[in-house]
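This briefing covers the overall build of one chain and the confidence attached to the model. Please read it alongside the sequence and the coordinates.

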Amino acid sequence: MRRALRAAAPWLVAAAALVALALVLRGYHADIYRKMLVTATLALSFNYLFGVAKQLAFSHVSFFGLGAYGVTILGVMQHWPMAPAILATLVVAVVLSLAVAIPTTRLEGFYLGLATFAVAQLFTIALRQGGDFTGGPDGLHGYAAPTLFGIELSGRRYTIVIIAVLIATFAVLRNLELSYFGRACRAVGDNSRAAAAMGIDVARTRILVFVVTSTLAAVAGMVYAFLDNYVNPNVFDFDLMFLIFFMTIVGGSGRQSGVLLGVVVLTLLSESLSEVVGSHSVLIYGVIVVIAILFWPSGLIGLVDVVRARLGWGARAP
Amino acid sequence: MRDFCELIVSVGEGGGIYALAALAYLLVLRPTGIVNFAIGELATLGAFVGVAALAWAKLPYMVGLPLVVFTVGLISLLTERLTVHRLIARNAPVLSPVLVLLAMLTIYRQAGASIFGTANLFSPPPFGFSRIAIGPFAGASQSFLIIAVTAVVFAAAWLFFERTIWGKAFEAIAIDRFAAALMGINLSVAIMLSFAAGGAVAGLAGLLQSPLTSASYLMGFPIAIKGFTALMIGGVGRVEGALVGALLLSLTEKLVLRYAPIPASYALAVPFLLLILFLILKPRGLLAAGEVRE
Amino acid sequence: MNFRSVLVNALVAGAFGFAAFGASAESVKVGIITDHTGDAADYTKLVEKGVALALKEVNEAGGVLGTPLELVWENDENKPPLSATKAHKLVDAGVPLIVQLSASPAVLQAESVTLETKTPHLAPNQSGDTLTTKLDNPYFFQMGPLGSIQIKTLMAFARSKYKRVALVTDNSGLGILIKDTFKAGLQQAGIEIVSETIIETGSTDAVPQLQRLRASNPEAVFQASVTTSEMALFFRGYRQLGLNYPVLGSFNLSLPIYLELLPGMLDGVYFVDVYDPDKPETKAFIAKYEKEFHEPPYSLPAYGYDAIRLVADVIKRAGSTDKEKIREAFASTRDFHTVIGAKGTTVSFSAQDRRGFPQNGAVVRVIENNKHGPVVFAGF
């Protein structure tokens, strides 16, 4: 019993801290906080796909969009109840990610990036040309917040939902990482030929990890849909993809704590930068990423480790 | 028939730009295995430097063109020295140079936008906006210029790779880097030069296209995509592959736009579908290549 | 600091010798969300010139409610989620009214916030037709010229003249939208569309599309493009191929950049505009603008100019900075004289119809001698 409590302790503390912050912040700061939480959820799944399994997939933000649009179209426009809408969206995400993953398994590195980029472009075209079904270039608007057991989930209550999804995503990826499958993923990502030589089914592993992470991205999307009750194609574009990408690299790809650090740092940075620098903030991000790749390949979290080692603090499990 | 010949000129023009972009990738890809996606932005920089030299400083074209080519080649070379070189030297994972170049893409674009602004800029065509007819083939004078320049560049590239020692050295590096180094080929210099050449060609592509569309900080991305698609189709191995792939892509695109009875909106998906198709089915492209490493 | 914010601040400071002190405690602050760094920045920076001029004028005449009018600027980079965040920021800062210059999707996302916080919200330059209907937000008012109104005027002009037309656009969101609106308008007017072509972003030339257009043998061409490069491609190719069907464009062609990029290639082209240089209010505006900026104005600065003048008028009529009173003042705006709009038209709002631009407010103008020429048709 005590062991279970000790294992659960860090989770409970983290959850409590996040919820406390949600209750304290209001208005503008609450808005930034919520968007940061959703971005973090998205970045976590991207980190696993790119940082661990080393798949450069530019389609990630499209699955994010798929989740958002799916739950909005089904749950609101077609008036399905929430639960079947969520389930159906997940099924669509799984099917589509399989459709993308299976033909592209043999592609590596940049070539996979380009194929997934093409998929992302097709997705955007489909959204814009979708007419009334997808709301076209202006998107879908004006739907109400979802209700659970009769309680409307908006405002602070919704922030709690976001936190729950974030923690759940973190937990799922954590368990994945510690499992046999997780080790296989890492092996395939590091060196697919060596992994094959060890008997791992490379194709199956790559497909599975793509499907799982893309579906998690769709889950993050479902949460996004009710942030401002508005979805439109402009949000799920390449700018967001680059942002997630930067957060992962700068924070420390491959490690969950790294990515979360990257999200927090970049969000706070853009807030403070926009006052001072405005137009050149993207330029600065680019420079930071170049510096990170050249000089801190393990990301900011790597620097944190170095600092901790210097201070003599114990190492924490990544 | 007159229409078709006119269309052929258009295919040549589009194919020319795509071919130069594909060549820009190829020059870097062959010796290093690195895909420099930033060539699109280098093309944009070429267009901008062209505007500065030709429209603002009013230099003659014979001075402006080499200036653009030299400047963008230099920018690419410096990038290699400052970033890629370090990564290769310390044996960083294969994806790192690609990622750093993606970051450079953003830097080039933002720097271009900061210096030249985000509004479109007028880029003067050397022969004006006149129309030329060579036999049944008619088109804008700029289109013919593009076709001519592309032909010259590719002839030069082919000669370089097939007939010169340095060209053979590049091929050797592409086939087996370590053996080439053992043979005394200076890898570091070769890679540096390949980046410079890739940049120069990309800058040229941007300069040539900008009189038609005007110079804009967003023009690089489509060039990068089309160039890469052309390369995929034609084959990553050979110079001829870049040209063949580019012409095929341009031909398919323009024929569909002109004659296909599908709604205009769906025609837009064609290049992306082609890209995906070739990536999946024929990643080596249509023409057989020498050894290619991924 | 970028040049634009320096310009605006300088004008405001110039209007008020004592802008430095007393401004925060004793001023009416109005929020303004614009794009300084995103893809709408080239457009909004021109609107902001009109904003700066009007702000100076309002404050020189004594401000509002006896105190200076001050603008609180926020940059949303034309990104919808950021737009909503900045709206939150402004509301938290206590502004009773938000003016927004960025594009329709950004406005829509910010509307979620202004509805929730019951904050009056003005869109003075956006032409999206569904901004007041996609979300039922009684605090949101749109003064921008609706796409549908502009198209209606263009169609009325074309109806008697052409029976078979070609349609050209680009593949941007707005380009497709305008094309669809054109299509609906043409079909309603009983005009046949003989060909439809799209010039994709990043195209190197438009020859195949122009050939297709030529093969369909139209009587006129409707140009719905909005992206500069593709519009340039179209006209250069059009002239190069020697085509001379009349061209009718959307309000996008009212932007002066095309005159710079396509010198001499646009003569005879018709375009929709909301600006008549012959209108008395416009003449007055032109005089003031030229004195301030040493160049002639056109529709974009006019939107900004009208926006701030309307804001000042609304606050005066509300008599306070109470959000409800401001909303009511907006909803009871009648016959407000603006620079935008055809001669003799004015702007009015009501609680049921929060779209202020008059139905007969659009005009068709022709380009002559590489300049925006006179109005040839107004209303419908």
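Chain C of this predicted model contains 12 helices and 12 strands. Its radius of gyration is 21 Å, close to the 21 Å that the globule rule gives for 380 residues, so chain C is as compact as a globular protein of that length.

**Dimensions and packing of chain C**
- The C-alpha trace of chain C spans about 65 × 40 × 40 Å along its principal axes.
- Of the 380 residues in chain C, 64% are buried.
- Among contacts in chain C with a separation of 6 or more, 67% are made by residues 24 or more positions apart.

**Surface and charge of chain C**
- The accessible surface of chain C amounts to about 12700 Å², and carbon and sulfur atoms contribute 53% of it.
- Chain C carries 37 positive and 41 negative side chains, with the centres of the two sets lying 4 Å apart.

**Confidence**
- For the complex, the predictor gives an ipTM of 0.86 and a pTM of 0.85.
- Chain A has a mean pLDDT of 85, with 95% of its residues at 70 or more; within chain A, confidence is lowest in strand β2 (residues 147–148), at a mean of 68, and highest in helix α10 (residues 202–224), at 94.
- Chain C has a mean pLDDT of 89, with 93% of its residues at 70 or more; within chain C, confidence is lowest in helix α1 (residues 3–15), at a mean of 51, and highest in strand β3 (residues 98–100), at 97.
- Over residues 13–24 of chain C, pLDDT stays under 50, and the model has 9 contacts beyond four places in sequence for this stretch.

Notes: Residues are numbered from 1 along each chain as its sequence is written. Chains are lettered from A and ligands numbered from 1 in the order in which they are written. This is a predicted model: local features need pLDDT of at least 70, side-chain atom pairs count only at pLDDT 80 or more; totals for chains, interfaces and linings use all residues. Side-chain values use heavy atoms; hydrogens and water are left out. Helices (H or I, at least four residues) and strands (E, at least two) are DSSP runs, numbered from the N terminus. The radius of gyration is taken over C-alpha atoms; the globule rule is 2.2 Å times the number of residues to the power 0.38. Buried means under 20% relative accessible area, exposed over 50%, partly exposed in between (1.4 Å probe, protein chains only). Contact means heavy atoms within 4.5 Å. Accessible areas come from the Shrake-Rupley method with a 1.4 Å probe; for residues, only the protein chains shown count as cover. Lys and Arg count as positive and Asp and Glu as negative; His and the chain ends are not counted. The place of a charge is taken as NZ of Lys, CZ of Arg, CG of Asp or CD of Glu. pLDDT is the predictor's confidence in each residue, from 0 to 100.
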